[in-house]
There are 4 protein chains.
Amino acid sequence: MSALDYSSTTFAAWRDAAKGPWQDYTQHAYVKGLGDGTLPKANFLHYLIQDYVFLVHFSRAWALAVVKSNTLDEMKTAAGTVDALVNHEMQLHVETCAKEGISEDQLFNAVEAPENMAYTRFVMDAGLSGDFLDLMAALAPCVFGYGVIGRTLSETAAPDTPYQEWIDTYSGDDYQGVCLSVGEMIDKAAQARLGDNPTNNPRWKSLCDTFTKATRLEVGFWEMAMRGHP
Amino acid sequence: MSALDYSSTTFAAWRDAAKGPWQDYTQHAYVKGLGDGTLPKANFLHYLIQDYVFLVHFSRAWALAVVKSNTLDEMKTAAGTVDALVNHEMQLHVETCAKEGISEDQLFNAVEAPENMAYTRFVMDAGLSGDFLDLMAALAPCVFGYGVIGRTLSETAAPDTPYQEWIDTYSGDDYQGVCLSVGEMIDKAAQARLGDNPTNNPRWKSLCDTFTKATRLEVGFWEMAMRGHP
Amino acid sequence: MSALDYSSTTFAAWRDAAKGPWQDYTQHAYVKGLGDGTLPKANFLHYLIQDYVFLVHFSRAWALAVVKSNTLDEMKTAAGTVDALVNHEMQLHVETCAKEGISEDQLFNAVEAPENMAYTRFVMDAGLSGDFLDLMAALAPCVFGYGVIGRTLSETAAPDTPYQEWIDTYSGDDYQGVCLSVGEMIDKAAQARLGDNPTNNPRWKSLCDTFTKATRLEVGFWEMAMRGHP
Amino acid sequence: MSALDYSSTTFAAWRDAAKGPWQDYTQHAYVKGLGDGTLPKANFLHYLIQDYVFLVHFSRAWALAVVKSNTLDEMKTAAGTVDALVNHEMQLHVETCAKEGISEDQLFNAVEAPENMAYTRFVMDAGLSGDFLDLMAALAPCVFGYGVIGRTLSETAAPDTPYQEWIDTYSGDDYQGVCLSVGEMIDKAAQARLGDNPTNNPRWKSLCDTFTKATRLEVGFWEMAMRGHP
């Protein structure tokens with residue numbers, strides 16, 4: 001098992017089932033631009049604003065995971081993630097945008113790009129229509145993808161890229177620790193609902209579909225960020 | 001397989017796992033009072049008002065099943081049931097109550113007994129927290145229990161019981177047909193989520209728990225009806 | 001009040017607040033292509049498949065409206081609409097596609113375009129996050145827009161357009177009647193939550209925003225249909 | 001405004017509209033037994049187990065409030081409350097029960113009394129069917145009632161009551177601070193949805209009804225605790 005599997009056989013299997021889209025997402029031109037520093041600052045700022053709105057809905061999705069938890073472990077992991085998102089991860093966005101004269105209320109009320117809406121509302125509805133595990137399959141590409149991208153860029157980025165702070169956030173111990181604990185929790189959640197051989201369960205295909213759709217919507221998000229306007 | 005299994009191995013297995021509560025529910029003193037005609041009319045009327053409010057929320061629960069359907073078959077069965085409940089089954093209540101001078105708006109706004117709230121809100125939350133099948137396990141005791149009770153009473157009731165119309169409603173072809181189609185749909189829904197041996201799936205125990213809890217809440221509903229006031 | 005207001009002051013006010021997007025939507029090149037017959041058949045077929053998937057989720061959204069109804073009138077209108085959608089409106093799509101050798105199961109499982117996901121999931125989440133009226137504001141552009149487009153095309157379409165059946169469906173008495181009854185119900189729903197002067201209520205701006213966002217997502221749907229592939 | 005209004009005109013108005021039930025709840029024999037120390041330890045332990053399960057669902061309800069937040073302030077207050085409940089308030093229960101040899105997993109899986117289910121599921125469904133403010137009206141009796149009871153008992157309890165730790169928890173600065181911040185947030189939430197004169201808004205009666213129903217369900221909870229078994 002590689003470090004980028006985050007000790008999660010479920011994540012690794014979902015990722016392998018979404019091979020093409022997963023590459024498109026984690027090796028996107030936007031990601032390369034973060035690493036070599038060629039991404040225009042205006043695009044990064046546009047991304048940051050959209051990503052703030054994304055995190056608002058991503059927090060709502062993790063809160064829905066609290067609503068849908070079956071075990072204490074699921075509930076604690078989900079509740080901790082909501083708190084980490086609302087009170088910590090969003091601060092990177094708030095502080096960087098504050099330097100550009102954009103307030104948190106402006107961020108909260110920014111006009112969402114359609115690609116942003118498509119992804120976050122798809123996740124919310126995966127939770128409403130399915131169970132905790134269906135919701136996890138929709139959330140997973142974001143959680144783990146950013147971990148993988150952050151860690152990869154931390155090894156490959158140009159030393160003078162202006163996006164080092166972003167890279168540090170997602171390659172840092174805090175975020176990598178979130179990936180590990182979510183990965184372990186998802187493995188337990190999968191075992192509790194699908195049994196010891198999750199890939200043999202009739203729900204497996206549908207869970208892979210959800211993960212793949214969400215991965216494609218992440219690609220759409222990068223493309224929106226490259227385009228540079230809502 | 002007996003006629004009262006409604007061709008559903010899933011229902012039959014859930015019922016067998018809830019043996020004691022299922023007997024308490026389907027052979028309750030209230031049920032006997034319907035059959036031998038000893039149930040006081042005031043209690044029946046009280047029941048009818050509470051059951052109208054119950055059906056409002058039961059319709060909402062079947063509407064939530066439409067929201068949570070994964071297949072066309074699930075969606076059509078659930079949508080048809082919502083329509084049958086809102087536009088047909090509730091009419092027995094409306095008409096009987098109208099004869100007593102109680103309007104449908106009064107019924108809709110009647111004060112709910114706590115036992116009524118406990119059952120219906122438990123069902124709604126089973127749907128919100130779980131998937132389609134979790135919701136079905138919470139709905140099943142009502143759907144099939146009334147079928148079993150109606151059919152049993154149609155064979156055993158005193159010829160002069162004043163509750164013949166109630167018995168006819170639930171033993172009639174329409175209602176028995178609903179039980180059959182819901183039973184078949186639940187079998188398919190269980191297979192699609194749990195595989196060919198649903199009882200071996202790790203979710204099985206939790207589904208039986210949900211069915212048993214809902215059955216106990218049905219017993220509470222009869223007890224509220226016997227008590228005769230909210 | 002014009003015939004295309006569907007006797008609904010709420011709809012008329014929402015539409016007027018969304019002026020630009022409403023024109024972009026109801027007078028889109030796709031709509032013109034339906035009317036003058038220049039729309040390529042492949043695009044229509046692609047639209048029909050996507051619209052079938054749209055209607056699946058639109059039915060789920062109306063089912064969520066049953067879940068969120070506060071009055072008997074709201075519940076009956078919403079339940080009737082679910083039934084009309086699942087058992088009737090979707091038949092146009094099923095029958096037309098059947099002639100092209102596409103089965104209903106294929107339709108149900110068609111790959112959704114991102115624009116399709118964005119719109120339907122936005123509607124579902126408007127319902128999950130808000131109340132019945134927030135959900136209605138998200139549903140309204142589709143309900144009334146198709147009524148307006150159908151009726152306008154019925155007066156202006158070329159006599160030999162191959163899309164006469166589509167135009168007949170939405171300009172017909174059945175669909176126009178749905179618009180009227182939904183319009184009246186929304187007026188009552190608005191009054192019950194916002195008071196006699198809904199536009200003075202602090203929620204008004206947010207409801208207009210929801211309607212406008214949903215209208216923009218309808219424009220995106222037409223653009224996806226013009227593009228001709230997911 | 002009294003200290004027990006928690007600076008919230010909305011809470012004070014809801015409480016005054018629920019006068020009888022509010023007294024029944026905050027001055028219940030169970031509360032007196034906590035204060036004068038006559039409550040049997042077995043009843044307290046039974047209560048603590050049920051209240052742990054209650055807090056699990058209460059955390060889920062506050063998580064649903066995160067899902068349904070419209071503003072950053074609502075989201076932060078709700079997310080903070082979920083964290084406080086899951087990671088702090090429940091610890092009193094866990095530690096006290098641990099001394100009696102009851103593990104947290106046993107608590108999490110304890111058999112719920114019907115009165116417990118009635119209350120928590122009613123709250124969840126108030127959130128699913130309504131908006132953020134409807135959910136707040138259902139949550140408010142618990143939040144503020146425990147604040148009022150804790151503070152009152154801190155002034156009146158017998159010096160040797162064995163329930164001093166419970167009293168300290170709810171009269172302490174942490175819990176009283178939660179009441180204050182929730183009270184202020186609810187006032188803003190009411191103003192944003194109902195306008196400057198919330199009591200004139202057509203939703204006001206329904207919000208009072210929700211608060212009163214939830215207060216009655218709190219009375220049922222104490223009665224279950226007095227009875228001493230599920």
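This is a predicted model: local features need pLDDT of at least 70, side-chain atom pairs count only at pLDDT 80 or more; totals for chains, interfaces and linings use all residues.
Q: How many helices and how many strands does the secondary structure of chain A have?
A: From the N terminus on, the elements of chain A run α-α-α-α-α-α-α-α-α-α-α. The secondary structure therefore comes to eleven helices and zero strands.

Q: What radius of gyration does chain A have, against that of a compact globule with 230 residues?
A: Along the principal axes, the C-alpha atoms of chain A fill a box of roughly 50 × 35 × 30 Å. Of the 230 residues, 54% count as buried. A compact globule with 230 residues would have a radius of gyration near 17 Å, and chain A agrees with this, at 17 Å.

Q: What share of the contacts in chain A with a separation of 6 or more comes from residues 24 or more positions apart?
A: Two residues are in contact if their C-beta atoms lie within 7 Å. Among the contacts in chain A with a separation of 6 or more, residues 24 or more positions apart account for 80%.

Q: Which residues of helix H2 of chain A are exposed on the face turned away from its buried side?
A: Helix H2 of chain A, residues 19-26, has as its buried residues A:Pro21, A:Trp22, A:Tyr25 and A:Thr26. They lie on the same side of H2(A), because the arc they cover around the axis is only 120°. The face turned away from that side carries the exposed residues A:Lys19, A:Gly20 and A:Gln23.

Q: Is B:Ala29 buried, partly exposed or exposed?
A: B:Ala29 has its place in helix H3 of chain B, residues 29-36. A residue is buried if 20 or more other C-beta atoms lie within 10 Å of its own, and exposed if 12 or fewer do. B:Ala29 has 14 such atoms within 10 Å, so B:Ala29 is partly exposed.

Q: Which residues have the most contacts inside the largest nonpolar core?
A: The largest nonpolar core has 307 residues. Helix H4 (residues 41-67) of chain C gives the most to this core, with 16 residues. Leaving aside neighbours within four places in sequence, the contacts of B:Val82 include B:Trp62, B:Ala63, C:Val66 and C:Val82. The residues with the most contacts inside the core are A:Val82, B:Val82, C:Val82 and D:Val82.

Q: Which helix gives the most to the side of chain C that touches chain A?
A: The contact takes eleven residues from chain C and eleven residues from chain A. On the side of chain C, helix H7 (114-129) and helix H11 (204-227) each supply at least two residues. By class, this side has seven nonpolar, one polar and three charged residues. Nine residues come from the helix that gives the most, H7(C).

Q: Which residue of chain D comes closest to the rotation axis?
A: Chain D superposes on chain A by a rotation of 180° with 0.0 Å of shift along its axis, at an RMSD of 0.0 Å. The two copies are thus related as by a two-fold rotation axis. The same surface serves both copies, as 100% of the contact residues of chain D recur in chain A. With its C-alpha at 2.5 Å, the residue of chain D that comes closest to the axis is D:Ala63.

Notes
Residues are numbered from 1 along each chain as its sequence is written. Chains are lettered from A and ligands numbered from 1 in the order in which they are written. Copies are superposed by least squares on the C-alpha atoms of residues with pLDDT of at least 70 in both. Helices (H or I, at least four residues) and strands (E, at least two) are DSSP runs, numbered from the N terminus. The radius of gyration is taken over C-alpha atoms; the globule rule is 2.2 Å times the number of residues to the power 0.38. The arc is that of the directions from the helix axis to the C-beta atoms. Ala, Val, Leu, Ile, Met, Phe, Trp, Tyr, Cys and Pro count as nonpolar, Asp, Glu, Lys and Arg as charged, and the others, Gly among them, as polar. A nonpolar core is a set of buried Ala, Val, Leu, Ile, Met, Phe, Trp, Tyr and Cys residues joined through C-beta atoms within 7 Å.
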